[in-house]
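Q: Could we go through this structure together? I would like to begin with a single residue and its surroundings, and then move on to the sheets and the chain as a whole.

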Amino acid sequence: MNKTWSDFNIAVPPGPGPEIYTTCPQCSASRQKKFAKCLSVNIEKFVWHCNHCDWCGTLKSGEATPGRKVYTRPTWTTIAPGQAIVSWFVARGIPEAIVDAEGITEVLAYMPQLEEEVPCMAFPYRKHGEVVNIKYRAIQDKAFRQVSGAEKVLYRQDCIANDQVIIVEGEIDCLSVIAAGCTSVVSVPDGAPAVNTKNYTAKFTYLDQDPDPFADVQKIIIAVDGDAAGETLRYELGRRLGTDRCWFVQWPDGCKDANDVLRVHGAQALMECLNTAVPFPVQDVINVLDVAASVTDRYYHGVAKGLSTGWPTVDNYYTIQAGQFTVVTGIPGHGKSEWLDALMLNMAENHGWRFAICSPENAPVEQHVEKLLEKTLGAPFRVGPASRMTPTDLDLGLKWLDQYVTFIMPEDALTIQGVLDRATSLVRRLGIRGLIIDPFNEFDHTRMKGVTETEYIGLTLLLLKKWAQKWQVHVWLVAHPAKMHKNLEGEYPVPTPYDINGSANFKNKGDCCVTVWRDENEPDAPVQIYVQKIRHKHIGRIGKAELAWNRLTGRYSEVVNLTD
């Protein structure tokens, strides 16, 4: 039986409905503006959502369960725009006919930044003809919000044409391009990521749609803002959508975006900017002047090292750069997968990288997640001699991991090409920056007749390397060495990339090669990280680092020298 509003302490005042605003029993009492009507209640659909604290639910199902992907569907009524809105747009070079055709209207809406209801212009976001979200922009102040809990899609997504589409950074720029004569134009819903933001995955959730709205588009013109944040957006869109079909616009001096060009130079000049868009550099085809600015910068400022691994001792020999290919090897049981998991979590926490993992040896996924939780939280998952992680920590750890880690577990044949196909989709949808394949020998390596094992491995590693370069994703490949024998001291020697089962190509093709080695006779001794190949010297150098390993949590840390 459905509950009533009073069961959730929601006071619904009388009104025409169906959308009624009231105070929120979860957050209003603790806020400065206690009587601000921030809770949206739909008395026909029996749902609610707070635009301030995100509390939401339905009378049928109760409060929303964290992690359940259920979208709010806003109520939309098309009303002719008022004169204030029309005048606002006309002053920016956008005719009234376009404002009317796009269904933009004026409403009173609660704006969290202002903590009150103010007059706003409302932009309907449609998918397959249905309004699935609404963007509100305050008329007097530069404040924005969308319907909380609604699906993130592109503005004017239904207008994408297969031959060409233009992507801009805001609704006003979108309407400006329409005014210049192009109708296949969309806007990203959330603008560009802030400069120096580590994790901007949430800025691109609109690309995580099935079917992909850009699947059949032949040419994509990226016409975003010409500032630093816009450059990040342009790069990330090109990387995710495929630079082979992407072009970018260069704005004239003094203009930051499409609307600036329309207002200052007119519609014809804006169209000229769009028509003279520059293609992204073609893979493997680079002119000298394409890199002139970068070379000049390297001349004056040097070449920056890769990103930190999170362990200063390891950074002395090995750092991480997007688009490179690292081969990791080691004796079974010496912890190469454990170390790689720890490195992944460091990259996620310190640099906001999102990863995809295909690790058949760590199946099932639940078991792998348990190990990652132990490293993330620094506490055992199971009952034992040490205090295990609390239920609250477990919940927080799962939510954090979900932001940064995605598993690839193909149900059909486990092939390298199959994993790369799925990883390509994850670049487009989630923007992954790292791909871990662990281990190589678990995959189906059926080869064509007449192709030797050495030739096959060389071609497969080249495929991985080219994929990493194209999508600017760092790829780590774990590969076991051939059977090795202990020496007179009862220790296994440190394997090199040439010892990997199958081919010397593992060292030849890898940009970096790392061996993880542990002294089995001294279980408490530090784990040794041998960096045995570095292709580019600004990334690191050949050498050995040592890390302490905590057996209870799987964490790696710097070795503490008690004599210092």
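**Working through the model**

A: Asn346 touches Thr309, Gly310, Trp311 and His351, leaving out residues up to four places away in sequence. Please keep in mind that this is a predicted model.

Q: Which helix does Asn346 lie in?
A: Asn346 is part of helix H9, which covers residues 336-351.

Q: And is Asn346 buried or exposed?
A: Asn346 counts as buried, because its relative accessibility is 17% and the cut-off for burial is under 20%.

Q: Let us turn to the strands. How many residues of strand S8 are buried?
A: In strand S8 (residues 130-138), 8 of the 9 residues are buried, so the strand is largely enclosed by the rest of the structure.

Q: How does S7 pair with S8?
A: Strand S7 (residues 116-127) and S8 run antiparallel and are joined by 8 bridges. Within this pair, Tyr125 stands opposite Asn133 in S8.

Q: What lies between S7 and S8?
A: The two strands form a hairpin with 2 residues between them, and His128 in the turn has a positive phi of about 55°.

Q: Then what about S8 and S9?
A: S8 pairs with strand S9 (residues 144-146) in the antiparallel sense, over 3 bridges. Lys135 has Gln146 in S9 as its bridge partner. A hairpin of 5 residues joins S8 to S9.

Q: How far is Phe123 from Cys512?
A: Their C-alpha atoms are separated by 49 Å, and the two residues are 389 residues apart along the chain.

Q: Cys512 brings us to S20. How many residues of S20 are buried?
A: Strand S20 (residues 512-517) is mostly covered, with 6 of its 6 residues buried.

Q: Which residues are on each face of S20?
A: Cys512, Val514 and Val516 are on one side, with Cys513, Thr515 and Trp517 on the other; all of these are buried, and both faces of the strand are covered.

Q: Which strands does S20 pair with, and in what sense?
A: Strand S15 (residues 325-329) pairs with S20 in the parallel sense over 4 bridges. Strand S21 (residues 527-534) runs antiparallel to S20, and 6 bridges join the two. On the S21 side, Ile534 is the bridge partner of Cys512.

Q: Now the sheet with S1 in it. What is the order of the strands?
A: The order is S1-S2-S3-S4-S5, an open sheet of 5 strands with antiparallel pairing.

Q: Which strands stand at the edges?
A: Strand S1 (19-22) and strand S5 (62-63) stand there, each with a single partner strand, so one side of each has no neighbour in the sheet.

Q: What joins S1 to S2?
A: S1 and strand S2 (residues 39-42) run antiparallel and are joined by 4 bridges. Ile20 stands opposite Val41 in S2.

Q: A change of topic: how many disulfides does the structure hold?
A: The structure holds 0 disulfides. Cys38 is in no disulfide, and the nearest cysteine sulfur, that of Cys50, is 3.8 Å away. The cut-off for a disulfide is within 2.5 Å. Cys273 is likewise in no disulfide; the nearest cysteine sulfur, that of Cys255, is 7.6 Å away.

Q: Are Cys38 and Cys273 buried or exposed?
A: Cys38 counts as buried, at 0% relative accessibility. Cys273 is also buried, with a relative accessible area of 11%.

Q: Finally, the whole chain. How many helices and strands are there?
A: The protein chain has 14 helices and 23 strands. Of its 564 residues, 49% count as buried. The C-alpha atoms fill a box of roughly 90 × 60 × 55 Å along the principal axes.

Technical notes:
Residues numbered from 1 in each chain as written. Predicted model: local features only at pLDDT ≥ 70, side-chain atom pairs only at ≥ 80, totals over all residues. Heavy atoms only, no water. Buried < 20%, exposed > 50% of the residue type's maximum accessible area, 1.4 Å probe, protein only. Contact = heavy atoms within 4.5 Å. Pairing = 2+ DSSP bridges.
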